[in-house]
Amino acid sequence: MPSPFAIDPATEAALGSLRRVRAGVLDVAFHESGPADGTPVLLLHGFPYDVHAYAEVAPRLAAQGCRVVVPYLRGYGPTRFADAAAPRSGEQAALGDDLRALLDALALPRALLAGYDWGGRACCIVAALWPERCAGLVSVNGYNFQHIASAQRPAAPENEWRLWYQYYFHSERGRAGLAQDRAALCRLLWKLWSPTWAFDDATFARTARAFDNPDFVDVVIHSYRHRFGLAAGDPRLAGIEARLAQQPPIGVAAITLDGAADGVMAVGGTAAHAHHFTGAHEHRVVPGAGHNLPQERPQAFADAVLALRAAG
């Protein structure tokens with residue numbers, strides 16, 4: 001049985017009641033709000049964040065008639081692996097496959113997919129590999145795939161320093177540091193990545209509880225090692241990884257977003273991603289927003305989702 005995970009009533013008031021469903025290798029915990037027959041919208045969070053990133057986005061969408069589903073990703077909050085023997089993979093193929101499995105489990109043939117960071121990567125993967133499942137895509141930081149074959153090619157020095165935490169996680173010292181004080185480390189990343197966002201202790205604490213998941217450290221460490229070719233992937237997902245290695249185009253209608261104050265992703269870098277989008281595509285830069293864009297600028301994120309719904 002899944003471990004108990006108390007949900008703050010304020011969280012359910014904003015995001016809807018907590019539900020569970022078996023989806024692939026996971027017992028996925030998710031919040032759902034809005035009319036059951038509304039336009040389905042899935043909102044996916046990143047690292048090191050959780051569903052609270054959408055606490056002000058989801059009500060805006062639900063009020064406009066959307067059926068809004070906000071899941072906890074593998075390794076976060078009350079989501080659990082249904083199979084104790086399943087690899088605790090954090091690779092990109094796992095995130096995409098989890099999202100496809102969740103759509104199946106919820107009997108949603110097609111939905112609007114929106115996310116950032118890890119969650120944006122999952123949305124991009126489904127949009128590219130299973131476009132019939134994606135009614136439209138909102139992706140922060142553009143074409144959010146990892147090209148593992150070129151991962152050892154250094155970037156410009158001014159961009160390399162932003163990735164210090166990834167190199168830290170490549171070492172056993174980094175694994176121990178994450179396990180020992182995950183809250184302090186993740187709070188530091190929040191500050192560095194969103195330098196203009198004045199979040200308070202309570203805001204961070206609401207999310208930090210999600211990092212106490214028993215698989216959090218394993219999934220995070222595997223994610224940052226696999227993307228550099230330093231850890232083997234889940235053999236079950238090898239076929240998906242092979243398709244992603246080809247850098248497939250995204251043909252569904254898409255809006256990509258950048259926060260103008262993003263402290264981890266080089267702002268403007270997504271302009272080079274345009275050729276990966278072969279369908280209708282609009283790129284927007286959101287003034288004052290850092291990496292956690294939906295929590296920092298919820299109206300801008302909700303507007304992007306609603307624009308795709310209107311266009312579809």
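Which residues line the largest cavity? Before getting there, a word on the model: it is predicted, so to speak of local features takes pLDDT of at least 70 and side-chain atom pairs count only at pLDDT 80 or more, while totals for chains, interfaces and linings use all residues. Numbering runs from 1 along each chain as its sequence is written, and side-chain values use heavy atoms, with hydrogens and water left out.

Now the answer: the lining includes Leu26, Val28, Leu44, Pro71, Tyr72, Leu73, Arg74, Leu95, Asp98, Leu99, Leu102 and Ala122. A cavity here is a set of points on a 1 Å grid over the protein atoms alone where a 1.4 Å probe fits but cannot get out, and lining residues have an atom within 4 Å of a point. Helix 3 (92-105) gives the largest share of that lining, 4 residues, and strand 2 (26-33) supplies at least two. The space inside comes to about 110 Å³.

Next, the core. Among the 102 residues of the largest nonpolar core, Leu42, Leu43, Phe47, Leu137 and Phe301 touch the most other members. Such a core joins buried Ala, Val, Leu, Ile, Met, Phe, Trp, Tyr and Cys residues through side-chain atoms within 4.5 Å. Leu43 has Phe301 among the residues it touches (heavy atoms within 4.5 Å).

Key: Buried means under 20% relative accessible area, exposed over 50%, partly exposed in between (1.4 Å probe, protein chains only). On a 1 Å grid over the protein atoms alone, a cavity is a set of points where a 1.4 Å probe fits but cannot get out, and a pocket is an open set with protein on both sides within 12 Å along at least five of seven lines; lining residues have an atom within 4 Å of a point. Grid points are joined across faces, edges and corners, and a volume is the space filled by probe spheres set on the points. Lists of a residue's contacts leave out its neighbours within four places in sequence.
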